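Me: I would like to check the labels on this structure against their criteria. Please set each value beside its rule.

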Amino acid sequence: MLLPVWFPAYLHVGKVRPVMVDARTGGVLGERPYSAAKITLASVGGAPLTALVVLLVVVPRE
């Protein structure tokens, strides 16, 4: 039986990461490499932006 499923694999930082892609639905299964540096940078950068929005929208002006 032929199924529309692909089994690609990619190399990331010396580790082979297998993936399964369902061509009919577009679903993807597999491990995703997370970058701690990018997650930290997004969190640190998003905090001042959130504070600015709260100050401009929530805090009443006199």
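Reply: Two strands pair if DSSP finds at least two bridges between them. Helices (H or I, at least four residues) and strands (E, at least two) are DSSP runs, numbered from the N terminus. This is a predicted model, in which local features need pLDDT of at least 70, side-chain atom pairs count only at pLDDT 80 or more, and totals for chains, interfaces and linings use all residues. Residues are numbered from 1 along each chain as its sequence is written, and side-chain values use heavy atoms, with hydrogens and water left out.

Me: What makes strand S1 and strand S3 a pair?
Reply: S1 (residues 5-6) and S3 (residues 15-22) share two bridges in the antiparallel sense, and at least two are required, so they pair. Val5 stands opposite Asp22 in S3.

Me: How do you know that S2 is joined to S3?
Reply: Four bridges join S2 (residues 9-12) to S3, and the two run antiparallel. Leu11 faces Val16 in S3, standing opposite that residue. S2 and S3 form a hairpin with two residues between them.

Me: What is noted about phi of Val13, and where does Val13 lie?
Reply: Phi of Val13 is near 55 degrees, a positive value in a residue other than glycine. Val13 lies in the loop between S2 and S3.

Me: Why is Val13 called exposed?
Reply: Buried means under 20% relative accessible area, exposed over 50%, and partly exposed in between (1.4 Å probe, protein chains only). Val13 has 74% relative accessibility, so it counts as exposed.

Me: What joins S3 to S4?
Reply: Three bridges join S3 to S4 (residues 28-30), again in an antiparallel run. Met20 stands opposite Leu29 in S4. These strands form a hairpin with five residues between them, and Gly26 in the turn has a positive phi of about 85 degrees.

Me: Which pattern does the chain follow along the sequence?
Reply: The pattern is β-β-β-β-α, from one helix and four strands.

Me: Why is the contact of Glu31 with Arg17 called a salt bridge?
Reply: A salt bridge is a side-chain nitrogen of Lys or Arg within 4 Å of a carboxyl oxygen of Asp or Glu. The closest N and O atoms of Glu31 and Arg17 are 3.3 Å apart, and the two form a salt bridge. The pair links distant parts of the chain: Glu31 is in the loop between S4 and helix H1 (36-57), Arg17 is in strand S3, and they are 14 residues apart. By this rule the count comes to one salt bridge.

Me: Are Glu31 and Arg17 buried or exposed?
Reply: Glu31 has a relative accessible area of 54%, so it is exposed. Arg17 has 14%, so it is buried.

Me: How many of the residues of the chain count as buried?
Reply: Of the 62 residues, 5% count as buried.

Me: What share of contacts do residues 24 or more positions apart account for?
Reply: Contact means heavy atoms within 4.5 Å. Such residues account for 0% of the contacts in the chain with a separation of 6 or more.
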